[in-house]
Amino acid sequence: MAALLSTLQARSYRGTQDLAAIAALINTCITCDRLDGLSTVAALEHEYASPDFDIAQDLRLWFDRSNTLGAVAECWLPEAPDEQRAYLTLWVRPALRGQGIEEEMLAWAEQRLRTVARDRQVPAALQVTARETQTDRLDFLRHQGFTISRSFYRMGRSLTAPIPQPQLPAGYSVRPLQPTELELWVELFNQSFIDHWNFLPLTVRDRQHWNAEPGYQSELDLVAIAPDGTFAAFCYCIVETTNAQRGVKEGWIADLGTRRGFRRQGLGRAMLLTGLQALQAQALDTALLGVDTQNPSGALRLYESVGFQRWYTSLVHLKPLV
């Protein structure tokens, strides 16, 4: 282990010239671990420009003596009032796994988290998510003192199957969000998710960043308007920009929510079905989403009722720092 760690040199991000190597490493890991998706330079450039990410301090790269990228750690540290969490993502070249580099990456993330939590004067916890099939990663997290805190399903539904007609409550209408309405939408989002697990308020800057995402389509950004003009519910959909490269036709129900005080009227179901119809109109054949299995709103039952099925489970691991 000592010999390996002495040959891997860690450094910070140096600019866009690093992006191609990072994307290639991520795609190698995706293939090896049979994960989903595809990383691209454009997607990384947008992701790392997030207002919640300090790329100079929260991205760490490890290279071998031939200057080949061997590992990448991303440590996301959005500010929270009661507890500072670091959302850590680890990408390690398969040939280097289990030889000590993961411990070094974890130590870096813990040090970074402690610094931020001390400055913000709140308790700290490290969060890492792993799929149920990543047995080596699950064993590593357990041995490092993590415990499973939550489970999420990835679910899918065919868009070639019939989609029931949405039934909105009387007087409600659905339309795409307008660029001038981001502040209203952020308020709607926060009121919809305020009672969910690990909720962090969204900001207008965050939402502006979403609008700059590659492939954003305003016609898939849907809001339900109450008779009095209130933004009552929303369905934010995305088409995968890497569909052609991957040979698939997939879209996402990325976010679905109903404002407090407007629930139990069928708005969630109506918006979900409207979103599915919008994805279907894009000539896609599969809709995807992620759901907290313990969601108190009954989201899992809603998704199952319109034909979504579980594809796999991801396990959220937490490690409080003392």
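## Strand S4 and its neighbours

In this predicted model, strand S3 (residues 69-76) runs antiparallel to strand S4, and six bridges join the pair. One of the contacts across this pairing sets Glu-74 against its bridge partner Thr-89 in S4.

S4 spans residues 84-92. It is mostly covered, with seven of its nine residues buried. S4 also pairs with strand S5 (residues 124-131). Here the sense is parallel, over five bridges. Leu-88 stands opposite Val-128 in S5.

## A right-handed unit

Helix H5 covers residues 101-120. Together with S4 and S5, H5 makes a β-α-β unit. The unit is right-handed.

## The largest nonpolar core

Nonpolar side chains tend to be buried together in soluble globular proteins. In this model, the largest nonpolar core has 32 residues. Those with the most contacts inside this core are Ile-253, Leu-272, Leu-276, Leu-279, Tyr-303 and Phe-308.

H10 gives the largest share, seven residues.

## Around Ile-253

Which residues does Ile-253 touch, not counting residues up to four places away in sequence? The list is Cys-235, Tyr-236, Cys-237, Leu-272, Gly-275, Leu-276, Leu-279, Leu-288, Leu-289 and Phe-308.

## Another core

Notes
Residues numbered from 1 in each chain as written. Predicted model: local features only at pLDDT ≥ 70, side-chain atom pairs only at ≥ 80, totals over all residues. Heavy atoms only, no water. Buried < 20%, exposed > 50% of the residue type's maximum accessible area, 1.4 Å probe, protein only. Helix = DSSP H or I, 4+ residues; strand = E, 2+ residues; numbered from the N terminus. Pairing = 2+ DSSP bridges. Right-handed = clockwise from strand over helix to strand, strands pointing away. Core = buried A, V, L, I, M, F, W, Y, C linked by side-chain atoms within 4.5 Å. Contact = heavy atoms within 4.5 Å.
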